[in-house]
Amino acid sequence: MNPFLNPIIGVPFIKKLIFDAERLKKMTPERMKKHKDNAIKRIVKYAYTVPLYHEKYKEAGVHPSDINRIEDVTKLPFITKQDIVKHFPNKIVPKNYNFNKGYVVSTSGSTGKPVYMYTDFQTMADSIGTSIRVFRTFNLHWRTSKFAYVMNYHPNAPPDAIEKVFTNKARSILPLKNHLSIPAFNPILNIMKKLDSFNPDLIVSLPATFQHLAFLKRKGFGQNLNPKILISGGYYLDKYTQSYVENSFGCKMFNIYASCEANADIAFECKERTWHINQDYFHVETIDHNKDIVDSGQRGHIVITRLFGKGTPIIRYTGMDDWVRISPDNKCKCGICSPKLITGVEGRISSSIILPDGRLFTPGTFSIISIVLSQLKTYKVKQFQIIQKSIDDIDILLEIDDELRDIDPSVKLIIDRIKEAYEKMVGPQVQINVKEVDEIKSNSEKPSPIVISHVSLEKIKTIITSQKSSSYDY
Ligand SMILES: [Zn+2]
């Protein structure tokens, strides 16, 4: 039976569309606190029926009755990516779990072994408010505006699960002809043709896909394609790529921050460029390499607690590979009151750059190439990539747009300026090589990240510890 035709599911679903999306705007801080207190109690009680959590909590001497308010979350032990991997499948869901109703989703495995976990129809329905919230932020309506998602639809990828478990069923009762999904790894020209004939108001995709589409748009493809808003997620978006894409499409581009484990958007960027945390859906903490909580405003490794849903619970989960800084509740000009990610998501921890003197840069803080290119007022660089080959040797690869090659500034000047800026930043101990390449290679199923590090995480930890640095704050 289609769950949407079941009145027990159908009615709460419509209610969610209307109410949940507005919670960040409408709930008073007291009401929000109450909502989070109730949610954490409920979710910890559920997690206690899941063997992995049950064992961990027993070992830590903590019981669901000890968790009465959101602050009590710090009494709970952390759950790692390895914990989930090791206990898949039977011990990451309740003992009586109905596996026929569950759906396995997995991370892309871009930073090691993929993590498999369970989600279900109810969890997806619970999360829908985060999407509606983003649509409303940009004055789009889920029934009347046109949406295109160019995402990773490999088997078990979250967008694939949403399509199979949720959207397909929703199509039977809801008019979703205004929603188009295209696999991001289709040939880019085909993607452009489909987008051109659909002409969506909003495109949601990955930074690298946008970069390629923007290049085609500059070359005259997609004449009918005039989106109002672009939304980027999945990878760190640097300022140069953002500006390149915005300039090509003539509209603004914003970020969302989601993950497979989260099953929804953890945060999103509003028109004021504030990264709002969906605090009614997630409790977000930041820790340092000793797993101590870092002060508000300081950079740390993200830890998430999902406050909704069933399937595999995600509570104090450290398996996400991103750097963030959190600021407490703040009222934004857009009308939303929520904690925020001060500088957005600064990229993957495993793509960080470590220098011999112990300084550690996130992909975000190391992308000063974006600043150099914007100072030179050029869109001549089609794509770039930074590769740390070893602790003291870094390559910066540039792919040049041939049609712009003979327009100023020259490629030589661009290379010299980038080299100069990086040498100033890293100091004389590190070799910087800026090179033009014919093509920046991309794995067939994963877009190429802008920063790649071949220095092991173990080595990074050793260097940081030897410097007695307790902060990642560069
Ligand atoms: Zn805002």
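The dialogue below goes through some helices and loop residues of a predicted model.

Tutor: Residues are numbered from 1 along each chain as its sequence is written. In this predicted model, local features need pLDDT of at least 70 and side-chain atom pairs count only at pLDDT 80 or more, while totals for chains, interfaces and linings use all residues.

Student: Why is Tyr235 called buried?

Tutor: A residue is buried if 20 or more other C-beta atoms, placed from the backbone, lie within 10 Å of its own, exposed if 12 or fewer, and partly exposed in between. Tyr235 has 22 C-beta neighbours inside 10 Å, so Tyr235 counts as buried.

Student: Where is Tyr235, and with which residues is it in contact, leaving aside neighbours within four places in sequence?

Tutor: Tyr235 is in the loop between β6 (229-232) and α10 (239-249). Helices (H or I, at least four residues) and strands (E, at least two) are DSSP runs, numbered from the N terminus. Contact requires the C-beta atoms of two residues, placed from the backbone, to lie within 7 Å. Apart from those sequence neighbours, Tyr235 is in contact with Leu206, Pro207, Ala208, Pro447 and Pro449.

Student: What makes Arg273 exposed or buried?

Tutor: Arg273 has 12 C-beta neighbours inside 10 Å, so Arg273 counts as exposed. Its place is in the loop between β8 (264-269) and β9 (275-277). Arg273 also has a positive phi of about 65 degrees, although it is not a glycine.

Student: How do you know whether Lys291 is buried or exposed?

Tutor: Lys291 counts as exposed because it has 10 C-beta neighbours inside 10 Å. Lys291 lies in the loop between β10 (282-287) and β11 (299-306). Its phi is positive, about 70 degrees, although Lys291 is not a glycine.

Student: What angle do α8 and α9 make, and why does it have the name it has?

Tutor: Helix α8 (residues 188-198) and helix α9 (residues 207-218) pack at about 70 degrees, with their axes 10 Å apart. Axes are lines fitted to C-alpha atoms, for helices over the stretch in contact, and angles run from 0 to 180 degrees between N-to-C directions. Angles under 35 degrees count as roughly parallel, over 145 as roughly antiparallel, 65 to 115 as roughly perpendicular and the rest as oblique. Therefore α8 is roughly perpendicular to α9.

Student: Which residues make that contact?

Tutor: Ile188, Ile191 and Met192 come from α8, and His212, Leu213 and Leu216 from α9.

Student: What makes α9 mostly covered?

Tutor: Ten of the twelve residues of α9 are buried. The buried residues pack against elements including β3 (147-151), α8 and β5 (202-205).

Student: Why is α6 called largely enclosed?

Tutor: Twelve of the 17 residues of α6 are buried, so the rest of the structure largely encloses this helix. Among them are Phe121, Met124 and Val134.

Student: Where is the kink in α6?

Tutor: The kink, of about 30 degrees, is centred on Ser127. The bend at a residue is the angle between axes fitted to the seven residues ending there and the seven starting there. Helix α6 (residues 121-137) reaches 25 Å from its first C-alpha to its last, close to the 24 Å expected.

Technical notes
Expected span 1.5 Å × (residues − 1).
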